[in-house]
Amino acid sequence: MRLKDCHNFQDFRTLAKKRLPSPIFNYIDGGADDETTYRRNTAAFETCDLVPSVLTGVKDVDLSVTVMGQKLALPIYCSPTALQRLFHHDGERAVAGAAEKYGTMFGVSSLGTVSMEEIAKQTTTPQVYQFYFHKDRALNRAMMQRAKDSGIQVMMLTVDSITGGNRERDLRTGFSIPFKLNLSGMLQFVLKPMWGINYVTHEKFRLPQLEEHVDMGSGATSIGDYFTNMLDPSMNWDDVAEMVKFWDGQFCLKGIMSREDARKAVEIGCTGVIISNHGGRQLDGSRSSFDQLAEIVDEVGDEIDVIFDSGVQRGTHVLKALSLGAKAVGIGRMYLYPLAAAGQPGVERALGLMKAELERDMKLMGKTSIDQLTKDNLRFRS
Ligand SMILES: Cc1cc2nc3c(=O)[nH]c(=O)nc-3n(C[C@H](O)[C@H](O)[C@H](O)COP(=O)(O)O)c2cc1C
């Protein structure tokens, strides 16, 4: 199977699985506990159906949206994800390059493997910095200042990871950073020698957002320790209100799932909320993002940007979320499998296919611009 044989999400997933040592594939592919929420995220889109209009004149379709003050050519963006250079040696550079080609936004994670400054210099499309809240308040301010100085447009504070999710696939393979693989995990790396060759022949693996503050290179601290020891489980609304003030720009909370929390986000001055359950990787048994979308849009949709992620695999999923009032839709695994499968050309192919799919679906829906999508386009099954 080659890149040209990939026509949809599942094809890219299959190719990624072929290329990656299984502990790394399972780190991307897995969810928390029994993966109930993970499965529900995509299944939830089946609870409603699109109702198309016809004969509306759909020669030209405009897929652009404005979200968090940024004009995007597509209504989807690449949500921040950790450790991208483990999936392909070009990592964030490949994702940012592909996002730029399609005129959309992308996120750099706190656990990113290329520095936010380098990516900001490389690209002209809007960049998000995904932030975790540390116990050390001075460190929080220093990191935000760094993001400001590099010209990053949007600050995204992840609020659903106050502690790490229980990813049992990783426990079984021994996946962690630094690697502490068990014997069968090691064997999986031996079975994928090309991955190993690429890993050792390219620049050393780093976590440049954190390396000045956390010693992960020498193996003294793992990502698990980072979550346990450095992040602040007592983070509360007052802390975040201070951050919002300090940032003084576009600031959104990633991982909001209730209308009450969305309301608080408005009260502390956030300009957006992302309805997300981290792709089912944190609280298993949590409701799917799609199931929560309508009530949160109802609560705050007129006041701040409601953004959506988790479970998106198809253009029609995107159209359903936009019809319920999401301003834009984040994708995670939808670009990570292509990255693992083929680097930047892989992500470009995935975004290109999604763009074509969205254009086709919009035409079939009888719509020429995203603002024409409303909940009247949808019927929920009883
Ligand atoms: C491998 C992987 C790593 C991730 N790393 C982060 C991260 O560092 N910070 C964060 O806020 N979200 C992270 N996420 C969550 C994504 O930003 C996004 O919310 C999620 O992938 C959306 O679900 P989807 O994969 O079903 O599209 C990660 C997701 C995956 C799959």
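Q: What counts as a helix in this structure?
A: A helix is a DSSP run of H or I with at least four residues, and helices are numbered from the N terminus. The model discussed here is predicted.

Q: Where is Asp29 found?
A: Asp29 sits in helix 2, which covers residues 22-29.

Q: Why does Asp29 count as buried?
A: Buried means under 20% relative accessible area. Asp29 has 2% relative accessibility, so Asp29 counts as buried.

Q: What makes the link between Asp29 and Arg169 a polar contact?
A: The cut-off for a pair of N or O atoms is 3.5 Å. The side chains of Asp29 and Arg169 are joined at 2.8 Å, so the pair is within that limit. Asp29 also makes a side-chain polar contact with Tyr337, at 2.4 Å.

Q: Which residues is Asp29 in contact with, leaving aside neighbours within four places in sequence?
A: They are Arg13, Tyr38, Arg169, Arg333 and Tyr337. Contact here means heavy atoms within 4.5 Å.

Q: Is Arg281 buried or exposed, and how do you know?
A: Buried needs a value under 20%. Arg281 has 10% relative accessibility, so Arg281 counts as buried. Arg281 lies in a loop, between strand 9 (272-275) and helix 14 (289-300).

Q: How far apart are Arg281 and Thr37?
A: In sequence, 244 residues separate them. In space, their C-alpha atoms are 8.3 Å apart.

Q: What does Arg281 touch, not counting residues up to four places away in sequence?
A: Arg281 touches Tyr27, Ile28, Gly30, Gly31, Ala32, Gly165, Arg167 and Arg333. With Gly30, a polar side-chain atom of Arg281 lies 3.2 Å from the backbone oxygen.

Q: Why is Thr42 called buried?
A: The limit for buried is under 20%. Thr42 has a relative accessible area of 18%, so Thr42 is buried. Thr42 lies in helix 3, residues 36-43.

Q: Which residues does Thr42 touch, not counting residues up to four places away in sequence?
A: Thr42 touches Gly311, Gln313 and His317. The Thr42 side chain reaches the backbone oxygen of Gly311 at 2.8 Å.

Q: What makes Asp60 exposed?
A: Exposed means over 50% relative accessible area. Asp60 has 56%, so Asp60 is exposed. Asp60 lies in the loop between strand 1 (48-50) and strand 2 (65-67). Asp60 and Ala44 are 16 residues apart in sequence, and 30 Å apart from C-alpha to C-alpha.

Q: Which residues come nearest to the ligand?
A: Of the 22 residues around the ligand, Ser79, Pro80, Ser109, Thr158 and Gly311 come nearest. Helix 2 and helix 16 (333-365) each supply at least two residues of the shell. The shell divides into seven nonpolar, eleven polar and four charged residues.

Q: How much of the accessible area of the ligand does the protein cover?
A: The ligand on its own has 600 Å² of accessible area, and the protein covers 97% of that.

Q: How many aromatic pairs does the structure hold?
A: The structure holds twelve aromatic pairs.

Q: What makes Phe9 and Tyr337 an edge-to-face pair?
A: Ring centres must lie within 6.5 Å, and edge-to-face needs planes over 60 degrees apart. For Phe9 and Tyr337 the centres are 5.3 Å apart and the planes make 80°, so the pair is edge-to-face. Phe9 lies in helix 1 (residues 9-19) and Tyr337 in helix 16, so the pair ties together parts 328 residues apart in sequence. Phe9 and Tyr337 are both buried.

Q: Why is the pair of Tyr27 and Phe175 called stacked?
A: Stacked means planes under 30 degrees apart. The planes of Tyr27 and Phe175 are at 15° and the centres 4.5 Å apart, so the pair is stacked. Tyr27 lies in helix 2, and Phe175 in the loop between helix 8 (168-173) and helix 9 (183-190), so the pair ties together parts 148 residues apart in sequence. Tyr27 and Phe175 are both buried.

Q: Which residues form one aromatic cluster?
A: Phe45, Phe290, Phe308 and Phe380 form one aromatic cluster.

Conventions:
Residues are numbered from 1 along each chain as its sequence is written. This is a predicted model: local features need pLDDT of at least 70, side-chain atom pairs count only at pLDDT 80 or more; totals for chains, interfaces and linings use all residues. Side-chain values use heavy atoms; hydrogens and water are left out. Buried means under 20% relative accessible area, exposed over 50%, partly exposed in between (1.4 Å probe, protein chains only). A polar contact is a pair of N or O atoms within 3.5 Å; within protein, one must be able to donate a hydrogen and the other to accept it, and residues adjacent in sequence count only if both atoms are side-chain atoms. A residue is near a molecule or strand if one of its heavy atoms lies within 4 Å of it. Accessible areas come from the Shrake-Rupley method with a 1.4 Å probe; for residues, only the protein chains shown count as cover. Ala, Val, Leu, Ile, Met, Phe, Trp, Tyr, Cys and Pro count as nonpolar, Asp, Glu, Lys and Arg as charged, and the others, Gly among them, as polar. Rings of Phe, Tyr and Trp (its six-membered ring) pair if their centres lie within 6.5 Å; planes under 30 degrees apart count as stacked, over 60 as edge-to-face and the rest as tilted.
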